[in-house]
Amino acid sequence: MSISTVQLPADALGELGIKGYKNAHWNLTPEELVEHSIQKGMGQLADSGALVINTGEFTGRSPEDRFIVKDSVSEKKVHWGKVNIPFEAKKFDQLWRKACTYLRKKDVYVRDVKACASQEELFHLRIRVMTEYPWSNQFASNMFIRPSKEELDNFDPHWTVLCVPGLQADPETDGTRQGNFAIINFKKKRLLIGGTGYTGEIKKGIFSVINFVLPVRAKEALPMHCSANVGEKGDIALFFGLSGTGKTTLSADPNRKLIGDDEHAWTAKEVFNFEGGCYAKTIDLTLEKEPDIYRAIRHGALLENVPFAEGTRTVDFADRSITENTRVSYPIYHIDNIVTPSNAQGAPKNIFFLTCDAYGVLPPISRLSPEQAMYHFMSGYTAKVAGTEMGIKEPKTAFSAGFGAPFLPLHPAAYADLLGKKLRKSQANVWLINTGWSGGEYGKGSRIKLAYTRAMITAALNGELDNVEYVKHPVFGVQMPVSCPNVPAELLDPRNTWPDKTAYDVKAVGLAKQFIENFKKFEEGTAAEIKAAGPVI
């Protein structure tokens, strides 16, 4: 064992089937992990001090290769289908043994971490993360909550993660779709990841676990794919949205303290962060646009798939040669303006649903009734544009229930029903924010300026939109303010920004039809007033 290695509790790895390994490096510091990555030729230091690595073939999650073991624990609770794909228990055990055999005579990096920054012990989740690569372990250190020394001395994990990017599965014998896989076993409380170096599989795998476990531990606990911050007066704001809609960017507000940037729970007493770090997109990142994220990229941060400018150790955030999905992970304390620990007492006062509407149809800000909020939560709309995914050459609608369907093991209605109860009890304001296009669709109009979006959100948070005049959108029925501080009035009604008003009407009806078609899968069992809250053609 190396000098920096700490001996694991007696046979802790052997009990999991991991034997004959070369070294077990337990809870190394970020500095030690950086050294190991560089020594193994797996990363380079940028001039900012951040470690830059390449995740290999996979630069994003692979939803079609994410499975859940179907057994006595999961069979009747999981919402099976295209998102939650069943996997045989015997095949999981076989693949786990294969992963353990693969690690023989190799270094293993072991890290004990926690999830859920609640003030209540009931919600805490202790996790042991074992990885083949040192930088995967650094990611876990950045993203999860770091236990105290006293907690580490007596650490008893609830869940175990095993991540072996270098292991390729054999679909014919292992039961996978292809060589890569991410498999959750709720009965054995294990997450197995292989064939992919993309670190987000670790993060989102545990997020899926919490989305299954949390509502069982407490029926009033709602897991959410959202960022959150809190004002000086203790007013909590939530920002829901799919990847690329602005959750991380818009929750980083110099006038408010960050609770977290991606995963939270809303319980009877508090809102708390699941994580201990942030995982932000870095494409086209600049100090001017996103100063908090830019400054967080320093020693301890992990940059993924961001190339260097030629002949330098300065990363080029505009370089898309590897992927559009360039990322950085960093511990949350890299941002100064944070809540410590990452929770806030009470219920949210304002909730923002973020969508990047590439069709230029939705208003930049609109107010939703509780019924409309439920409709849009269940729809989870955004649009993907050219360059974000292979094969996309024009705007493409994306609907993801709860703004996070790929991570919801239970039926989406279970989360939506709980949100509805909380909205009625809290009387929170709900706003729909379009961070996408105005004046025309993608390729014709222009992206709504971030400065305007920030101004609209600030106005909502400060109560400056409480008593202004509103008009109803003719198709989507949402309430649009006619004025907002520091925002041009003509921007607030999207139809006014289009040179061709008839073209806008056609595009609005087209998007409405897609909403209606998507919502058909929720109609059975959904209250009539929620169904009626959708667009009207």
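A charge sits over a ring if NZ of Lys or CZ of Arg is within 6 Å of the ring centre and within 35 degrees of the ring normal. In this predicted model, lysine 204 lies over the face of phenylalanine 407, at 4.7 Å from the ring centre.

**Charges over rings**

- Besides the contact of lysine 204 with phenylalanine 407, there is one made by an arginine: the charged end of arginine 190 sits over the ring of tryptophan 96, 4.5 Å from its centre.
- Residue 190 also falls within strand E10, which spans residues 190-194.

**Aromatic pairs**

- The count of aromatic pairs comes to 28.
- One of them is formed by phenylalanine 240 and phenylalanine 353, in an edge-to-face arrangement with 5.6 Å centre to centre and 85° between the planes.
- This pair links distant parts of the chain, since phenylalanine 240 belongs to strand E12 (residues 236-240) and phenylalanine 353 to strand E20 (residues 348-355), 113 residues apart.
- Both phenylalanine 240 and phenylalanine 353 are buried.
- Phenylalanine 353 also pairs with phenylalanine 377; here the rings are tilted, at 6.3 Å centre to centre and 35° between the planes.
- Because phenylalanine 353 lies in strand E20 and phenylalanine 377 in helix H9 (residues 370-379), this second pair ties together parts that are 24 residues apart in sequence.
- Buried means under 20% relative accessible area; phenylalanine 353, at 1% relative accessibility, therefore counts as buried.
- Phenylalanine 377 has 4% relative accessibility and so counts as buried too.
- Ring pairs also link a cluster made up of Tyr375, Tyr381, Phe399, Phe476, Phe515, Phe519 and Phe522.

**Lysine 422**

- Lysine 422 is located in helix H10, which covers residues 412-426.
- Lysine 422 is buried but has no salt bridge, and the nearest side chain of opposite charge, that of glutamate 220, is 6.4 Å away.
- A salt bridge would need a side-chain nitrogen of Lys or Arg within 4 Å of a carboxyl oxygen of Asp or Glu.
- The backbone of glutamate 220 does make a contact: its oxygen lies 2.9 Å from a polar atom of the lysine 422 side chain.
- The backbone oxygen of tryptophan 266 is also placed by the lysine 422 side chain, 3.3 Å from a polar atom of it.

- Strand E6 (residues 107-115) and E7 run antiparallel and are joined by seven bridges.
- Within this pairing, arginine 111 has valine 129 of E7 as its bridge partner.
- Six of the seven residues of strand E7 (residues 125-131) are buried, so E7 is largely enclosed by the rest of the structure.
- On to strand E8 (residues 159-164), E7 runs parallel, with five bridges between the two.
- Isoleucine 127 stands opposite tryptophan 159 in E8, while threonine 131 has cysteine 163 of E8 as its bridge partner.
- In E8, six of the six residues are buried.
- Both faces of E8 are covered, with Trp159, Val161 and Cys163 buried on one side and Thr160, Leu162 and Val164 buried on the other.
- E8 pairs in turn with strand E10 (residues 190-194), in the parallel sense and over five bridges.
- Valine 164 stands opposite glycine 194 in E10.

**The five-stranded sheet**

- An open sheet of five strands has the order E2-E3-E17-E18-E16, with mixed pairing.
- The edges are taken by strand E2 (44-45) and strand E16 (277-281); each has a single partner strand, so one side of each is left without a neighbour in the sheet.
- Strand E3 (residues 51-53) and strand E17 (residues 302-304) run parallel and are joined by three bridges.
- The bridge partner of isoleucine 53 in E17 is glutamate 304.

**Threonine 312**

- Threonine 312 is in the loop between E17 and strand E18 (327-331).
- Threonine 312 counts as partly exposed because its relative accessibility is 35%.
- A polar atom of the threonine 312 side chain lies 2.9 Å from the backbone oxygen of alanine 309.
- Aspartate 47 is 265 residues from threonine 312 in sequence, while the two are 8.5 Å apart in space, C-alpha to C-alpha.

Notes. Residues are numbered from 1 along each chain as its sequence is written. This is a predicted model: local features need pLDDT of at least 70, side-chain atom pairs count only at pLDDT 80 or more; totals for chains, interfaces and linings use all residues. Side-chain values use heavy atoms; hydrogens and water are left out. Two strands pair if DSSP finds at least two bridges between them. Helices (H or I, at least four residues) and strands (E, at least two) are DSSP runs, numbered from the N terminus. Rings of Phe, Tyr and Trp (its six-membered ring) pair if their centres lie within 6.5 Å; planes under 30 degrees apart count as stacked, over 60 as edge-to-face and the rest as tilted. Buried means under 20% relative accessible area, exposed over 50%, partly exposed in between (1.4 Å probe, protein chains only). Lys and Arg count as positive and Asp and Glu as negative; His and the chain ends are not counted. A polar contact is a pair of N or O atoms within 3.5 Å; within protein, one must be able to donate a hydrogen and the other to accept it, and residues adjacent in sequence count only if both atoms are side-chain atoms.
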